[in-house]
Amino acid sequence: MFVTNHVLSGVVIGRLLERRPVAAFFVGVGSHLALDMVPHWGCELGTTDGKELFLRYAKRDGLLGLLVMACAAGAVGRRARNATIAAMVGAVLLDADKPMIYYFGRNPFPRAVRRIHALAQNESPEGIPNEILFGLSCAIADAVLAVSSRRRDLSSS
């Protein structure tokens, strides 16, 4: 699953658990595993072409994910901000292995966590429609939640 989609789901989680940032973080981690079970895009990493394709998408997706995190943190109301940030961080945490391996040559997670994460993966080159559909659905839900959060904050001030 694209990291941006994990971020977008974290916004929904943070908004729903706005008074419970610690719970939002852990639900975010759980959501990562749940989303990775959905058939999603992946390429053959055993070939040079596959690795290059993955890196091309990963760089763009990583930057987009960071942008979405920053925008979401600013767009949600104050009441939901801590939980939203916690949920987004939890939702992307398990994918921190990829940049760590790329830049430092080491996976930061214990073997048990790596095994669980690998078992959850359901990737295929044909999974891109699911990625796009999920991303658009979550982006719409996030926009609605952010606007309603802002309105509620303004009306309670």
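Predicted model: local features only at pLDDT ≥ 70, side-chain atom pairs only at ≥ 80, totals over all residues.
Cys-71 is partly exposed, with a relative accessible area of 48%.

Cys-71 is in none, as the nearest cysteine sulfur, that of Cys-138, lies 16 Å away. Since a pair must have its sulfur atoms within 2.5 Å, the 16 Å between Cys-138 and Cys-71 is too far for a bond.

Now let us turn to the helices. Two packed helices are described by the angle between their axes and the distance between the axes.

| Helix pair | Axes come within | Crossing angle |
|---|---|---|
| H1 (residues 3–16) and H2 (residues 21–37) | 10 Å | roughly 140 degrees |
| H1 and H4 (residues 78–93) | 7 Å | roughly 145 degrees |

Take H2 to begin with. With axes crossing at roughly 140 degrees, H1 and H2 are therefore oblique to each other. H1 passes H2 in a right-handed crossing. On the H1 side, the contact is made by Asn-5, His-6, Ser-9, Ile-13 and Gly-14, and these meet H2 residues including Ala-24, Val-27, Gly-28 and Leu-35. Sorted by class, this contact has 4 nonpolar, 7 polar and 1 charged residues.

The crossing of H1 and H4 is right-handed. Here the H1 residues include Val-3, Val-7, Val-11 and Arg-15, while H4 brings Ala-80, Ala-83, Thr-84, Ala-87, Met-88, Ala-91 and Val-92. The residues of this contact divide into 10 nonpolar, 5 polar and 1 charged. His-6 of H1 is listed in the contact with H2, and His-6 is also listed in the contact with H4.

Where does Leu-145 lie? Leu-145 sits in helix H7 (residues 128–156). Leaving aside residues up to four places away in sequence, Leu-145 touches Val-12 and Arg-15. Arg-15 is also among the H1 residues that meet H4. From Leu-145 to Ala-118 the distance is 32 Å, C-alpha to C-alpha, with the two residues 27 apart in sequence.

Conventions: Residues numbered from 1 in each chain as written. Heavy atoms only, no water. Axes fitted to C-alpha atoms, helices over the stretch in contact; angles between N-to-C directions. Helix = DSSP H or I, 4+ residues; strand = E, 2+ residues; numbered from the N terminus. Parallel < 35°, antiparallel > 145°, perpendicular 65-115°, else oblique. Left-handed = near helix turned anticlockwise from the far one by under 90°. Contact = heavy atoms within 4.5 Å. Nonpolar A, V, L, I, M, F, W, Y, C, P; charged D, E, K, R; others polar. Buried < 20%, exposed > 50% of the residue type's maximum accessible area, 1.4 Å probe, protein only.
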